[in-house]
Amino acid sequence: MTGDSTLERPREALSALYPIPRQTNVHLGRMYITDECFTAEDARVGPGGAAWLRDATEASDRAHGVVPATAEWA
């Protein structure tokens, strides 16, 4: 399984309930470092994981044509 496919599974699962465009996915990825629940879990598991997940999500979305710096909540 590639890293990209691992990142796609949550987006695809949520998209079954409601569409998650890649521009929105950028913002969801950023939530890993801005939401206290995620950052607290990150601190418990090990430092740096939330930032890595955000960066990996942005890289995946970038590879699919999204510019993270200008991504709007869609």
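This is a predicted model: local features need pLDDT of at least 70, side-chain atom pairs count only at pLDDT 80 or more; totals for chains, interfaces and linings use all residues.

Colleague: Salt bridges, then. How many does a search of the whole structure find?

Modeller: The search turns up three. One of them joins the side chains of Asp61 and Arg22, at 3.0 Å from N to O. Asp61 sits in helix H4 and Arg22 in helix H2, so this pair ties together parts that are 39 residues apart in sequence.

Colleague: And are Asp61 and Arg22 buried or exposed?

Modeller: Both Asp61 and Arg22 are buried.

Colleague: What does Arg30 form a salt bridge with?

Modeller: Its partner is Glu58, and the closest N and O atoms are 2.9 Å apart. That is another link between distant parts of the chain, with Arg30 in helix H2 and Glu58 in helix H4, 28 residues apart.

Colleague: Why does Arg30 count as partly exposed?

Modeller: Because its relative accessibility is 26%, and partly exposed covers what falls between under 20% for buried and over 50% for exposed. Glu58 has a relative accessible area of 13%, so Glu58 is buried.

Colleague: Which side chain does Arg54 meet in a salt bridge?

Modeller: That would be Asp55, at 2.7 Å from N to O. Asp55 is partly exposed, with a relative accessible area of 42%.

Colleague: Changing topic: what volume does the largest pocket have?

Modeller: About 270 Å³. There are 16 residues lining that pocket, and the closest to its centre are Leu7, Pro10, Tyr32, Leu53 and Thr57.

Colleague: Where does the largest share of the lining come from?

Modeller: From H1, which gives six residues. Helix H1 (3-15), H2 and helix H4 (49-63) each supply at least two residues of the lining.

Colleague: What does the lining look like by class?

Modeller: Eight residues are nonpolar, five are polar and three are charged.

Colleague: OK, Asn25 next. Where is it?

Modeller: Asn25 is in helix H2, which covers residues 22-34. With a relative accessible area of 11%, Asn25 is buried, because the cut-off for that is under 20%.

Colleague: Which residues is Asn25 in contact with, leaving aside neighbours within four places in sequence?

Modeller: Arg11, Ile20, Thr57 and Asp61. Two of those have come up already: Thr57 is among the residues closest to the centre of the largest pocket, and Asp61 is in the salt bridge with Arg22.

Colleague: What about helix H3, is it largely buried or in the open?

Modeller: H3 runs over residues 36-45, and of its 10 residues the number buried is one, so H3 lies largely in the open.

Colleague: What happens at the start of H3?

Modeller: A side-chain oxygen of Asp35 comes to within 2.8 Å of the backbone nitrogen of Cys37. Asp35 itself is in the loop between H2 and H3, and at 28% relative accessibility Asp35 counts as partly exposed.

Colleague: Last one. Where is Ala71 found?

Modeller: In the segment after H4. Ala71 is buried, at a relative accessible area of 9%.

Colleague: And what does Ala71 touch?

Modeller: Not counting residues up to four places away in sequence, Ala71 touches Gln23, Val26, His27 and Val66. As for Ala13, it is 58 residues from Ala71 in sequence and 21 Å away in space, C-alpha to C-alpha.

Note on methods: Residues are numbered from 1 along each chain as its sequence is written. Side-chain values use heavy atoms; hydrogens and water are left out. Helices (H or I, at least four residues) and strands (E, at least two) are DSSP runs, numbered from the N terminus. Buried means under 20% relative accessible area, exposed over 50%, partly exposed in between (1.4 Å probe, protein chains only). Contact means heavy atoms within 4.5 Å. On a 1 Å grid over the protein atoms alone, a cavity is a set of points where a 1.4 Å probe fits but cannot get out, and a pocket is an open set with protein on both sides within 12 Å along at least five of seven lines; lining residues have an atom within 4 Å of a point. Grid points are joined across faces, edges and corners, and a volume is the space filled by probe spheres set on the points. Ala, Val, Leu, Ile, Met, Phe, Trp, Tyr, Cys and Pro count as nonpolar, Asp, Glu, Lys and Arg as charged, and the others, Gly among them, as polar. A polar contact is a pair of N or O atoms within 3.5 Å; within protein, one must be able to donate a hydrogen and the other to accept it, and residues adjacent in sequence count only if both atoms are side-chain atoms. A salt bridge is a side-chain nitrogen of Lys or Arg within 4 Å of a carboxyl oxygen of Asp or Glu.
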